[in-house]
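Me: I've got a model open and want to go through it with you. Can you take my questions as they come?

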Amino acid sequence: MKDQMDTLLENFERQTAQLRDAQAAAAETTAQVSSPDGLVRATIDAGGSLAKLEFAPNTFERTTPAQLANTVQTLVRQGSLQVKQKIADLMAPITEGLPDLADLVEGAPSLAGLVPPIPQFLDEEPPPAPRPESFEDTGSILRNEAAPPMPAPKPAPKRVRPPRDDEDEEPPSSWMTRGD
């Protein structure tokens, strides 16, 4: 029994050290992703947030704002999944080989089903969205041919206050009076 407890204690200390190292590495994990056309490059931090966004010098000449926004969203999503997968890969060795409670204490319930397996975040990359042959196919960002101009709003009708008849009017029952 003493040998078993010594082994468990050694495993616990080893796994604690591994967990500390994995947590430090996870906190510094980043992912760098680039668009297929090379126009956009993004860096995602350990929390899955956008840390840095870079555009090629000719990005605004070669794409539309809508395409650029879609590209940025796709890159952030891909980078976030890459960071999650890297962190999951760092944590996986720590959870392997953990003894179950039923193995340690006779008659205790098994806890194996309560710990979910570490998911795979990157199964396969989705195919890139089809891009037009030329930026001219969808219009330039300098010429907005896709949407017609919005009509000017109609002015609101002016409210006319009815004339005041001072002879028939009683004194106001409130301190609030009409501002004539």
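Me: What does alanine 42 touch, not counting residues up to four places away in sequence?
Reply: Alanine 42 touches Ala31, Gln32, Val33, Leu50, Lys52, Leu53 and Leu75. Contact means heavy atoms within 4.5 Å. Keep in mind that this is a predicted model: local features need pLDDT of at least 70, side-chain atom pairs count only at pLDDT 80 or more, and totals for chains, interfaces and linings use all residues. Residues are numbered from 1 along each chain as its sequence is written, and side-chain values use heavy atoms, with hydrogens and water left out.

Me: Which residues make up the largest nonpolar core?
Reply: Eight residues: Val33, Leu39, Val40, Ala42, Ala56, Leu68, Val72 and Leu75. A nonpolar core here is a set of buried Ala, Val, Leu, Ile, Met, Phe, Trp, Tyr and Cys residues joined through side-chain atoms within 4.5 Å. Buried is under 20% relative accessible area, exposed is over 50%, and partly exposed is in between (1.4 Å probe, protein chains only).

Me: Which elements each supply at least two residues of this core?
Reply: β2 and α3 do. The largest share, three residues, comes from α3.

Me: OK, α3 then. How many residues has it, and what does it reach end to end?
Reply: Helix α3 covers residues 65-95, which is 31 residues. From first C-alpha to last it reaches 45 Å, close to the 45 Å expected at 1.5 Å a residue. The expected span is 1.5 Å times one less than the number of residues. Helices (H or I, at least four residues) and strands (E, at least two) are DSSP runs, numbered from the N terminus.

Me: Which α3 residues are buried?
Reply: Gln67, Leu68, Thr71, Val72, Leu75, Gly79, Ser80, Val83, Gln85, Ala88 and Ile94.

Me: And what do they pack against?
Reply: α1 (2-27), β1 (31-34), β2 (40-44), β3 (50-55) and α2.

Me: What about α1, which of its residues are buried?
Reply: Gln15, Ala22 and Ala26. They pack against α3. The end C-alpha atoms of α1 are 37 Å apart, which agrees with the 38 Å that its 26 residues should span at 1.5 Å a residue.

Me: Switching to charges. How many salt bridges does the structure hold?
Reply: One. Arginine 41 pairs with glutamate 54, the closest N and O atoms being 3.0 Å apart. The term means a side-chain nitrogen of Lys or Arg within 4 Å of a carboxyl oxygen of Asp or Glu.

Me: Where do the two partners lie?
Reply: Arginine 41 lies in strand β2 and glutamate 54 in strand β3, so the pair ties together parts that are 13 residues apart in sequence.

Me: How exposed are they, arginine 41 and glutamate 54?
Reply: Arginine 41 is partly exposed, at 42% relative accessible area. Glutamate 54 also counts as partly exposed, at 26%.

Me: Next, threonine 59. Buried or exposed?
Reply: Buried, with a relative accessible area of 0%. Threonine 59 is found in helix α2 (residues 59-62).

Me: What does its side chain reach?
Reply: The side chain of threonine 59 reaches the backbone oxygen of leucine 39, at 3.1 Å. That is a polar contact: a pair of N or O atoms within 3.5 Å, where within protein one must be able to donate a hydrogen and the other to accept it, and residues adjacent in sequence count only if both atoms are side-chain atoms. Leaving aside neighbours within four places in sequence, threonine 59 is in contact with Leu39 and Leu68.

Me: Where is serine 35?
Reply: In the loop between β1 and β2. Serine 35 is buried, at 6% relative accessible area. A polar atom of its side chain lies 3.1 Å from the backbone nitrogen of leucine 39. Beyond four places in sequence, serine 35 is in contact with Val40, Thr71 and Leu75.

Me: Last topic, confidence. What pLDDT does the chain average?
Reply: The chain averages 77, and 70% of the residues score at least 70. pLDDT is the predictor's confidence in each residue, from 0 to 100. Over residues 133-137 it stays under 50. Over residues 139-144 it is below 50.
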